[in-house]
Amino acid sequence: MQLRVVTSALVVGVLTVGALGAYLTDAMRDGLYERRAAEVDLESAQSTQQARSTLDASPASTATEAQSLLFDLFSMLQSTGSSRDVFLWQAGGSSTVGFLDQSTNPQLADLVSPEMREATVAADGEQYLQSVAIPVDPARPGSSGVVPGIVVGSTVEVPVAGTYELYYLYDLEADQETLRFLQSVLLVGALVLLALLVGITALVTRQAVLPVRQAADVAERLADGRLDERLPVKGHDEMASLAHSFNEMARSLQDQIGRMEELSMLQRRFVSDVSHELRTPLTTIRMASEVLHSSREDFDPVSKRSTELLQTQLDRFEDLLADLLEISRFDANAAVLDAERRDLRDVVNAAVDHAAPLAERKGVWLSVHLGDEAVTADIDPRRVERIVRNLVVNAIEHAEERPVEITVEGDGHAVAVAVRDHGVGMTAGEVQHVFDRFWRADPARARTTGGTGLGLAISLEDAHLHGGWLEAWGRPGRGASFRLTLPRRAGIRLQSSPLPLVSEAAAGRGLPAEWSDGTPVVEDVEGTAGPADLPSVTGGIPVVLPTEHAQHPGRGAEPPTGTGAGSVATDDVQEAR
């Protein structure tokens with residue numbers, strides 16, 4: 001900013017000084033010329049009047065006397081007045097012959113043009129002035145060096161000889177040198193003025209910009225979390241008032257952030273403490289519930305149903321406590337990744353086996369595509385299985401008896417799992433909140449699987465803990481797709497995913513006949529959607545890749561633990577019905 005202001009001031013200063021210098025130069029040149037022309041006109045008039053008086057008083061009556069009178073007159077004109085050249089020529093229209101023309105410098109006779117001679121004769125005794133360029137070296141007419149000059153012409157009457165033309169040539173070289181001196185002084189003054197302008201502008205700009213720079217630096221440090229940074233307050237001007245207001249704002253932000261951090265810490269501690277404290281009474285209730293549940297056949301129908309509901313709700317309560325404890329670990333940055341070299345297909349198989357009974361109850365066809373080659377990566381199998389289990393159970397819950405596809409793929413840098421259903425789908429607004437804690441796309445939908453509402457939030461945290469992505473896509477009536485992408489090795493930064501976020505449902509993927517034999521449902525999505533190019537889709541399909549740690553879960557819930565799982569084959573295409 002300082003450089004821009006100084007440069008602007010310099011450009012404006014140069015233009016202003018240049019225009020002013022040009023005006024002053026023209027004014028001085030015209031003034032010097034007019035002053036010198038007036039002096040020359042007056043001096044020439046006096047000399048001409050003196051010559052006329054001499055000629056009028058002369059008694060010359062013969063040609064010899066007249067020629068002698070001309071010589072004497074020429075000598076007088078040459079010796080009087082300032083430095084000048086004198087030309088005394090017989091008028092061109094005169095019929096008198098035998099008289100000689102007089103010139104102090106015949107080489108400069110051409111400076112008196114024929115037009116001037118005609119104008120001088122026609123002036124009838126009045127003076128006629130004309131500016132000329134006098135060669136510096138008269139012997140070389142073609143030389144480029146010239147000095148300004150003025151030619152003054154008039155006529156005199158010579159006894160016997162008749163009318164003569166009298167010309168005075170004045171050299172203005174001294175006035176030219178004066179003008180050059182004044183121009184050089186103006187140039188030096190302009191340079192000094194510009195230097196002062198630049199210096200003053202730089203100084204004033206620095207005084208104005210320096211506090212702004214300090215404020216920007218302090219603001220950057222505040223943004224980096226150094227909340228104790230403040231601006232120095234000096235004086236009582238506007239900058240001091242700005243610094244004081246800035247410091248007050250920073251102090252207020254520090255206090256508010258401190259209170260929020262303290263409140264957040266208290267909330268996390270409260271959740272953690274409550275979760276731990278509830279385990280003891282929950283264990284006692286669980287023991288009593290199991291006793292009742294084991295004897296439910298001896299109860300009347302109402303008591304038997306109540307015992308079964310009690311057992312189911314205790315399962316959900318235990319899941320909720322486990323999820324709250326897991327979320328509190330993420331909030332406290334206490335989650336630890338227990339990574340090992342594993343084949344991702346085995347982890348996906350375990351998650352699918354866990355969800356198979358639910359799929360059978362819901363009448364949902366599971367199509368699992370694992371590929372022929374091992375898809376190994378450094379992963380925490382417990383966390384990855386939890387992610388896949390959450391995604392598969394959510395897909396089953398919202399598939400509405402339509403197929404669910406689970407695809408596993410890998411490349412040299414990453415491995416991926418995509419879970420695609422063709423159920424109710426999601427709107428763009430729902431996709432934006434799918435990873436929020438306790439959020440549900442349809443609040444009226446019953447939690448038939450006992451989910452806690454934290455499943456996708458925990459899944460997102462697990463994906464981030466691996467340095468991976470968890471992305472979501474949805475369209476109402478067209479289903480939804482979730483893609484988990486993980487690096488093969490720790491420290492690899494993901495640039496793309498081996499799988500597209502949305503795939504088409506086509507024949508040959510182990511789907512039921514009504515899906516395999518019918519017209520393929522082609523999604524209007526091309527390529528892979530990643531953090532660098534989201535959304536890489538057409539037709540307004542909403543795609544979401546959360547860049548922040550999720551705060552709430554999304555569409556559906558984590559499935560309950562401890563439930564039975566049906567067996568699923570380990571072929572390349574696996575099906576469960």
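Which helices and strands do the buried residues of H10 pack against? They pack against helix H6 (301-331), H8, strand S11 (469-475) and strand S12 (479-487).

## Basis

This is a predicted model, in which local features need pLDDT of at least 70, side-chain atom pairs count only at pLDDT 80 or more, and totals for chains, interfaces and linings use all residues. Residues are numbered from 1 along each chain as its sequence is written, and side-chain values use heavy atoms, with hydrogens and water left out.

## The chain

The protein chain holds 11 helices and 14 strands; these are DSSP runs numbered from the N terminus, helices being H or I with at least four residues and strands E with at least two. Of its 577 residues, 41% count as buried (under 20% relative accessible area, 1.4 Å probe, protein chains only).

## Helix H10

Helix H10 (residues 455-465) is mostly covered, with nine of its 11 residues buried. Among them are Leu456, Ile458, Leu460, Glu461 and Asp462. After H10 comes Gly467, which has a positive phi near 75 degrees.

## Helices H7 and H8

H7 (residues 344-362) and H8 (residues 381-399) pack at an angle of about 30 degrees, and their axes lie 9 Å apart. Axes are lines fitted to C-alpha atoms over the stretch in contact, and angles run from 0 to 180 degrees between N-to-C directions. H7 is therefore roughly parallel to H8 (angles under 35 degrees).

The contact (heavy atoms within 4.5 Å) includes Leu344, Val347 and His354 of H7 and Pro381, Val384 and Arg389 of H8.

How values were computed. Angles under 35 degrees count as roughly parallel, over 145 as roughly antiparallel, 65 to 115 as roughly perpendicular and the rest as oblique. Buried means under 20% relative accessible area, exposed over 50%, partly exposed in between (1.4 Å probe, protein chains only).
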